[in-house]
Amino acid sequence: MLKYNLHLTLADKARSPYFYVPFDVPVGTTRLDVTMRYEGASDCIIDLGCADPRLGDFPSEQGFRGWSGGARDRFFVATDDATPGYVHGEMPAGTWRVILGLYRVPEHGVDVELIFTFDDAPRLHTPQPQRPHPVRQGAGWYKGDLHCHTFHSDAKGSPELLHAAARQAGLDFLAVADHNTTTQRRYFHAHSSPELVFVRAMELTTAEGHANVFGVDDWIDFRMTRREDAHRLSQIVHEKGGLLSINHDKPTIPWDYELPRIDCMEVWQQAWFARNWISLRRYQERLVSGWKLSAIGGSDYHQPARLPPEGPLVLARPTTVLWLPELSEDAVLAAMKAGQGYVTESPRGPHLALTVDGAPMGSTVSGGHAEAHVTGAPGDLLAWYDASGEIARMPIDGDDQRLVLEAAPQKFLRCEILANASHAALVEEFRAALGDGPLPWGLTEAELEAEPLRRAISNPVYFAP
């Protein structure tokens, strides 16, 4: 057993948000256990992770062995198994490192104790799971959630419970994006099927912003220390054939790095009242400046240790709906990149499909007949937006209606369904889900009553110059 005692200070954090503690793993080790002890507080949060001798400086592709963030104070890594969030397998002898994330360090510093134990008992060498390629034949609209978590990062619930929640919601695809790790795939690779396709994802998480990486087999190094590092991150993700999406670009964790080449932007995270109007405004500004970005949504649901009933604060609130030629991971990723879909409040939320001269969302056209097909929102309003802002607002008179825009849009055209007749009932449902608790996210009563409540958001159709 080894024991290290450290005193970490604000000066340490100023040098780097990551503090490395080296330790030697003896030859023949088959299991490593590490325990961290410190006096945590609201102003004192230390994240925990681990790397073997192969990990280099950012960006590195080998040697990462796991990350807990602030969710755990101990972990083990062995040849046959590991703590959720940590990678089992070969245990090379040599100098490993504990990675401490200096998320919050008080002015007086913090004392941290690390305890290491090693075991050389015979153990199997269990391989990592292989990715399947399930397919459900048939073109159509498919529903999914592109942002959720298990106990492989900071949620309480297991992958099995999240799987059950996805079935309960009636989803067709699900991206489980645990923080800075891909070990949730131990379960989800084995259970991806034509009934529910799992999409590879990882939420790259730092104190300066969060981003989802989709469709990449490998772990992606999250240890960015400079604002410009985001460009290297984007290059790596795209070289590996993946998609990069900025998450919840709003308080309390906006994207504070330079904006790299991205494919998608999460315009709706959690319930609409979680200040999503800020993310949507930033999305509109980026479209106006010339970006072509797919709008997606995700619940950021952290599965609890039980399966709650359906409601406004559970999985798939909101839901991303994509037009696919078939249900498969490749088809989901292609539709996400192309912007061929919309975001709606829930799996049973309003349908919103925009076309221009028959061209679907995500297309680039020279102009033409703009039509929005809306179902499930009678009495609400359809708002149309281009580069100048809102250009029209129309009543939705029926349960299944096609609305036509006569104006000539600038640069792009997109639509939103705004609650009108449904507003009071939706606000009441939201209040009921909160119970006796206060309004979350710093939300005020005035915002709850007056802020336009979006029920669905389309992707744009773009206009050629």
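Author: Of the residues that line the largest pocket, 16 are nonpolar, 17 polar and 12 charged. Please keep in mind that this is a predicted model. The largest pocket has a volume of about 1,000 Å³. Its lining counts 45 residues, and those closest to the centre are Tyr103, Thr205, Thr206, His210 and Ile253. If you want to trace this lining through the fold, start with helix α1 (10–15) and then follow the strands β4 (45–51), β5 (64–69), β7 (94–104) and β13 (201–206); each of these elements supplies at least two lining residues.

Now for the second largest pocket, which holds about 710 Å³ of space. Here 24 residues form the lining, and Val87, Gln128, Thr182, Asp217 and Trp219 lie nearest the centre. Two or more lining residues come from each of β5 and α3 (185–191). The largest share belongs to α3, with three residues.

Next, the cysteines. Cysteine 44 sits in the loop between β3 (31–37) and β4. Cysteine 44 counts as buried because its relative accessibility is 2%, under the 20% cut-off. Setting aside neighbours within four places in sequence, cysteine 44 is in contact with Tyr38, Glu39, Arg104, Pro106 and Val110. Glycine 109 is 65 residues away along the chain, yet its C-alpha atom is 8.6 Å from that of cysteine 44. Cysteine 50 has a relative accessible area of 0%, so this residue is buried as well. A search of the whole structure finds zero of them.

Let me finish with helix α5, which runs over residues 276–288. From first C-alpha to last, its 13 residues reach 18 Å, close to the 18 Å expected at 1.5 Å a residue. Buried positions in α5 include Asn276, Trp277, Ile278, Ser279 and Leu280. Further along the helix, Tyr283, Gln284, Arg286 and Leu287 are buried too. After α5 comes glycine 290, with a positive phi near 115°.

Key:
Residues are numbered from 1 along each chain as its sequence is written. This is a predicted model: local features need pLDDT of at least 70, side-chain atom pairs count only at pLDDT 80 or more; totals for chains, interfaces and linings use all residues. Side-chain values use heavy atoms; hydrogens and water are left out. A disulfide is a pair of cysteine sulfur atoms within 2.5 Å. Buried means under 20% relative accessible area, exposed over 50%, partly exposed in between (1.4 Å probe, protein chains only). On a 1 Å grid over the protein atoms alone, a cavity is a set of points where a 1.4 Å probe fits but cannot get out, and a pocket is an open set with protein on both sides within 12 Å along at least five of seven lines; lining residues have an atom within 4 Å of a point. Grid points are joined across faces, edges and corners, and a volume is the space filled by probe spheres set on the points. Helices (H or I, at least four residues) and strands (E, at least two) are DSSP runs, numbered from the N terminus. Ala, Val, Leu, Ile, Met, Phe, Trp, Tyr, Cys and Pro count as nonpolar, Asp, Glu, Lys and Arg as charged, and the others, Gly among them, as polar. The expected span of a helix is 1.5 Å times one less than its number of residues. Contact means heavy atoms within 4.5 Å.
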